[in-house]
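Hi there,

Here is the structure I promised to pass on to you. Have a look at it first, and then read on for what turned up in it.

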Amino acid sequence: MSDRVLVANGGRSMEREISLRSGRRAASALEELGFAVETVDPDQRFVHLVTELRPAFVLIAMHGRGGEDGTLQDLLEILDVPYTGSDVHASARCLDKHAFKEMLRAESLMTPPWHSFNREAFTEFGAGETLGALTGQLGFPLVVKPAREGSSLGIKVVHSSDEFATAVLGAFNYDDRVVIERFIAGRELAVTVLGPAEDPRVLPVVEILTDEPYYTFTAHYETGAATLKVADLGKEEREQVHAAARGAYTLAGCRDLARVDIILDSSGPQILEVNTVPGLVETGPTPFAADAAGMEFNQLIAELVKRVRSER
Ligand SMILES: Nc1ncnc2c1ncn2[C@@H]1O[C@H](COP(=O)(O)OP(=O)(O)OP(=O)(O)O)[C@@H](O)[C@H]1O
Ligand SMILES: [Mg+2]
């Protein structure tokens, strides 16, 4: 009898729809690899289901909070069921952009300069008035983003003072903390990394080209709104980008698979964030990178399977 495995997708994060698409692709790849696949959109019955089913492992295809932040991972640790991707600690480290940028800075890994404040600072202590100080240090444009969200949701590029308060309030719709970052005009790179934290393997670096002002939600998911290509990098540039991606992956303590988002400008690669459950949708940089490395989508999933079976 074939092994029974569970794909967790959906969830309640803003990236639910994307997760359902990622999950569907992963589930059909697992079926083609010979597994008996069940799919779950986790809710109150999740623990009960896992206990009944005792899957050989759970493939987590949930983006954002719930699945990418260590929540499901906590439960699967308790139930002693193996799962794909980073463990609880690494997941939590990467989901919070502000906290992870602090880690990057401590290790002298380049990340755009930023500040951060929470909702209380804004509603109770006049954080809206910090704009002068922020632009004095970071300049215009500024990028305002929720600390813990993905798919560019809640992100605004602010070009002038009158856009600031609206951008901050918009980001607070997604999280209680905002990150305000210097806008880096550069090449947008996505670097998929596989394997254990101590010995990561970098897939071909993908460059994202779009007519949108940045890699917006539309550019992420609408076919044709962004063009992906293998980045044409000089030797030194490539080494720097690989080192940054590997450095971020190792620092976070990731395992199996993650995607490191980088903007490359004349000062070098600047790390925006690490996604521990990168999107698996057709338009995404991770399937593209796998393909460029000569791995079909099923092989990418088989790689995850190999790791979850041998290393847990
Ligand atoms: N400091 C910055 N300078 C220039 N562009 C930026 C900056 N921060 C974010 N962006 C743009 O916004 C996009 C999304 O930003 P980021 O990766 O930080 O957030 P996210 O919503 O978690 O992304 P993802 O879709 O990868 O989950 C980037 O891919 C980039 O196009
Ligand atoms: Mg990103």
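How do the residues of the shell around ligand 1 divide into nonpolar, polar and charged? There are ten nonpolar, five polar and seven charged ones, where Ala, Val, Leu, Ile, Met, Phe, Trp, Tyr, Cys and Pro count as nonpolar, Asp, Glu, Lys and Arg as charged, and the others, Gly among them, as polar.

Before going further, a word on the model and its labels. This is a predicted model, in which local features need pLDDT of at least 70 and side-chain atom pairs count only at pLDDT 80 or more, while totals for chains, interfaces and linings use all residues. Residues are numbered from 1 along each chain as its sequence is written, and chains are lettered from A and ligands numbered from 1 in the order in which they are written.

**The ligand and the domains**

Ligand 1 is surrounded by 22 residues, the closest being Pro112, Gly150, Ile184, Tyr214 and Tyr215; a residue counts as near when its C-beta atom, placed from the backbone, lies within 6 Å. At least two shell residues come from each of β5 (142-146), β7 (177-182), β12 (256-265) and β13 (268-275), and β13 has the largest share, with three. Helices (H or I, at least four residues) and strands (E, at least two) are DSSP runs, numbered from the N terminus.

The chain is divided into domain 1 (4-85), domain 2 (92-96 + 185-310) and domain 3 (114-182), with bounds from an automatic or database domain assignment. Ligand 1 lies between domain 2 and domain 3, because both give residues to its shell.

Taken over C-alpha atoms, the centres of domain 1 and domain 2 are 22 Å apart. Their contact takes 23 residues from domain 1 and 17 residues from domain 2 (two residues are in contact if their C-beta atoms, placed from the backbone, lie within 7 Å). On the domain 1 side, α1 (16-32) and β3 (58-60) are the elements that give two or more residues, and α1 gives the most, with eight.

**A helix pair**

Helix α1 also packs against helix α12 (residues 297-310), at an angle of about 85 degrees and with the axes 9 Å apart. Axes are lines fitted to C-alpha atoms, for helices over the stretch in contact, and angles run from 0 to 180 degrees between N-to-C directions. That makes α1 roughly perpendicular to α12, a term for angles of 65 to 115 degrees. The contact is made by Arg25, Ala26, Ala29, Leu30 and Glu32 of α1 with Phe297, Asn298 and Ile301 of α12.

**Two sheets**

One open sheet has three strands in the order β2-β1-β3, with parallel pairing; two strands pair if DSSP finds at least two bridges between them. Its edge strands are β2 (36-40) and β3. Five bridges join β1 (residues 4-8) to β2, and Arg4 has Ala36 as its bridge partner in β2.

Another open sheet has four strands in the order β4-β7-β5-β6, with antiparallel pairing. Here β4 (114-118) and β6 (156-158) each have a single partner strand, so one side of each is left without a neighbour in the sheet. Between β5 and β7 there are five bridges, and Leu142 stands opposite Arg182 in β7. Helix α5 (residues 97-106) packs on this sheet, touching β4, β5 and β7, and helix α8 (residues 164-172) packs on the sheet too, touching β5, β6 and β7.

Note on methods
Angles under 35 degrees count as roughly parallel, over 145 as roughly antiparallel, 65 to 115 as roughly perpendicular and the rest as oblique.
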